[in-house]
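Reader: I would like to learn how to read a few features of this model. Where do we begin?

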Amino acid sequence: LHTKISMSDSTKNVTDIRKQKQLLRKKIRSRIQSVYPSPSSSASDDDINAAKMRLTSQSNQVFDQLFKLPQYEAASSIGFFLSMPFGEIQTRDAIQRMVNKDGKTLYVPRVGMNFELCDMDLVRCDSNCDSSNLEGKLFYDDWPSNKWNIPEPPTTNSNVATPGDIDLLIVPGLAFDCNLHRLGQGKGYYDRFIAKMNAATDTEKKMLLVGVCLEEQFLKDGTIPISDHDFIMDMVLTPSEKF
């Protein structure tokens, strides 16, 4: 006999998963704040400097693994995020290499000013954005920043990604697990974007989804609860392992 799930049971399951995610987000955020105190915290300068060094080291280890992947080498176009100034994996050094050494076509997020929409595009940065002629300068350094202090492509840039444009999408997250499940910040930006990009695309052209995270964000012994709308990664990279 098949068990029929009532609407109330289904709603209860969704509510339970939402609560589990909220608790897990609180736990991971507390862990991150403890290990990587921000400059505005009450932590000592020595602790903050040590955290910066650890953050840079872990970030570089993750992207060293990425650069060795045959999927990365074969990809012409990369979807990549610009990191917050602190408290998450740092992408600046990796972007420098992608643009100036590897010659990848880069697409970066633009959320816009209406944060209630929870919608996101990825916008192409053309080769003329290359700033390698200026020491330490990158194409996004003069862009306006959003409320998270993350630079975003100006609205005058209309080169928005469409299905099939991006070969490999590097996905940030608050946490990941061995099942390649991802826990986002709770707004659904990436799940909506992936759905929009992959739904109308041939299987051969679907974006490869590569999650990246710090050691403190990877749940080796736990499992992240997921809902129907949550996308599972194709691969997850930590500083020490590939899953």
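Author: With the pocket. Helix H1 gives the most to the lining of the largest pocket, with nine residues. Helices (H or I, at least four residues) and strands (E, at least two) are DSSP runs, numbered from the N terminus. This is a predicted model: local features need pLDDT of at least 70, side-chain atom pairs count only at pLDDT 80 or more, and totals for chains, interfaces and linings use all residues. Residues are numbered from 1 along each chain as its sequence is written, and side-chain values use heavy atoms, with hydrogens and water left out.

Reader: How is a pocket found, and what is the volume of the largest pocket?

Author: Rolling a probe the size of a water molecule over the atoms shows where empty space is left. On a 1 Å grid over the protein atoms alone, a pocket is an open set of points where a 1.4 Å probe fits, with protein on both sides within 12 Å along at least five of seven lines; lining residues have an atom within 4 Å of a point. Here the largest pocket has a volume of about 1,200 Å³.

Reader: Which residues lie nearest the centre of the largest pocket?

Author: Gly184, Gln185, Gly186, Lys187 and Tyr189, out of 45 lining residues. Strand E6 (182-183) and helix H5 (189-198) each supply at least two residues of the lining, as does H1 (7-35).

Reader: How many salt bridges does a search of the whole structure find?

Author: Eight. A salt bridge is a side-chain nitrogen of Lys or Arg within 4 Å of a carboxyl oxygen of Asp or Glu. One joins Lys21 to Asp230, with the closest N and O atoms 2.6 Å apart. This pair links distant parts of the chain: Lys21 is in H1, Asp230 in the loop between strands E8 (218-219) and E9, 209 residues apart.

Reader: Are Lys21 and Asp230 buried or exposed?

Author: Both Lys21 and Asp230 are buried. Buried means under 20% relative accessible area, exposed over 50%, partly exposed in between (1.4 Å probe, protein chains only).

Reader: Which residues form a network of salt bridges?

Author: Asp119, Asp121 and Lys196. Between Asp119 and Lys196, the closest N and O atoms are 3.8 Å apart. Asp119 counts as partly exposed, at 38% relative accessibility.

Reader: Last, the strands. How does E7 pair with E9?

Author: Two strands pair if DSSP finds at least two bridges between them. E7 and E9 (235-237) pair in the parallel sense over three bridges. Val210 has Met235 in E9 as its bridge partner. Strand E4 (168-171) also pairs with E7 in the parallel sense, over four bridges. Four of the five residues of E7 (208-212) are buried.

Methods. Grid points are joined across faces, edges and corners, and a volume is the space filled by probe spheres set on the points.
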